[in-house]
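Let's walk through this structure together, one contact at a time. Have the sequence and the 3D view at hand as you read.

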Amino acid sequence: MAATQAASASPTYHRASPGTSPPQPPYPSAARIADSACFPQYTASLKCLEANQDKSKCQQQFDDYKECKKKEREARLERNKTRSLFG
């Protein structure tokens, strides 16, 4: 009985039926990457990896994505400086 409870406690992800919303990804950050301004750099780095199978050939795409995320983070920190929790 304990094995049945343990098996039902772990999350499972099934393909959505037509007309229903898709299941949530196992990690919330995976859903947010598509909303990022850096999504084109992210997809470019993945496409490069798929095409080359050699990480060293994709260093430029990785650097572009890293720089974009850095700028995005800095902009978020600046926005947060001007926000007030009580106002």
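**Rings, bridges and sulfurs**

A search of the whole structure turns up two aromatic pairs. The rings of Phe, Tyr and Trp (its six-membered ring) pair if their centres lie within 6.5 Å; planes under 30 degrees apart count as stacked, over 60 as edge-to-face and the rest as tilted. Tyrosine 42 and tyrosine 65 form a tilted pair, with 5.8 Å from centre to centre and 50° between the planes. Because tyrosine 42 lies in helix α3 and tyrosine 65 in helix α4, this pair ties together parts that are 23 residues apart in sequence. Ring pairs also link Phe39, Tyr42 and Tyr65 into a cluster.

Before going further, a word on what you are looking at. This is a predicted model, in which local features need pLDDT of at least 70 and side-chain atom pairs count only at pLDDT 80 or more, while totals for chains, interfaces and linings use all residues. Residues are numbered from 1 along each chain as its sequence is written, and side-chain values use heavy atoms, with hydrogens and water left out.

Now for the overall fold. The protein has four helices and zero strands, giving the pattern α-α-α-α along the sequence. Here helices (H or I, at least four residues) and strands (E, at least two) are DSSP runs, numbered from the N terminus. How many of the 87 residues count as buried? The share is 10% of them, where buried means under 20% relative accessible area, exposed over 50% and partly exposed in between (1.4 Å probe, protein chains only). The protein exposes about 7700 Å², and carbon and sulfur atoms supply 55% of that area; accessible areas come from the Shrake-Rupley method with a 1.4 Å probe, and for residues, only the protein chains shown count as cover. Among contacts (heavy atoms within 4.5 Å) between residues at least 6 apart in sequence, 33% join residues at least 24 apart.

Let's return to tyrosine 42. With a relative accessible area of 28%, tyrosine 42 is partly exposed. Leaving aside neighbours within four places in sequence, tyrosine 42 is in contact with Ile33 and Tyr65. Tyrosine 42 and lysine 69 are 27 residues apart in sequence, and their C-alpha atoms are 9.7 Å apart in space.

Lysine 69 brings us to the charged side chains. The structure holds two salt bridges, each being a side-chain nitrogen of Lys or Arg within 4 Å of a carboxyl oxygen of Asp or Glu. In one of them, glutamate 72 pairs with lysine 69, and the closest N and O atoms are 3.1 Å apart. Both residues lie in helix α4, three residues apart, which is about one turn of the helix. Glutamate 72 is partly exposed at 22% relative accessibility, and lysine 69 is partly exposed at 30%. Lysine 81 and glutamate 78 meet in a salt bridge at 3.3 Å, N to O. Because they are three residues apart in helix α4, about one helical turn separates lysine 81 and glutamate 78. Lysine 81 is exposed, at 63%, whereas glutamate 78 is partly exposed, at 47%.

Which residues does serine 36 touch, not counting those up to four places away in sequence? They are Lys69 and Glu72. Serine 36 sits in the loop between α2 (28–32) and α3 (39–52), and its relative accessibility of 12% makes it buried. The side chains of serine 36 and glutamate 72 are joined by a polar contact of 2.9 Å. Such a contact is a pair of N or O atoms within 3.5 Å; within protein, one must be able to donate a hydrogen and the other to accept it, and residues adjacent in sequence count only if both atoms are side-chain atoms.

Finally, the sulfurs. A search of the whole structure finds two disulfides, defined as pairs of cysteine sulfur atoms within 2.5 Å. Cysteine 38 is joined to cysteine 68, S to S 2.0 Å. This pair links distant parts of the chain, with cysteine 38 in the loop between α2 and α3 and cysteine 68 in helix α4 (residues 59–82), 30 residues apart. Both cysteine 38 and cysteine 68 are buried. The other cysteines to look for are cysteine 48 and cysteine 58, joined at 2.1 Å, S to S. The torsion about their S-S bond is about -95°, so the disulfide is left-handed.
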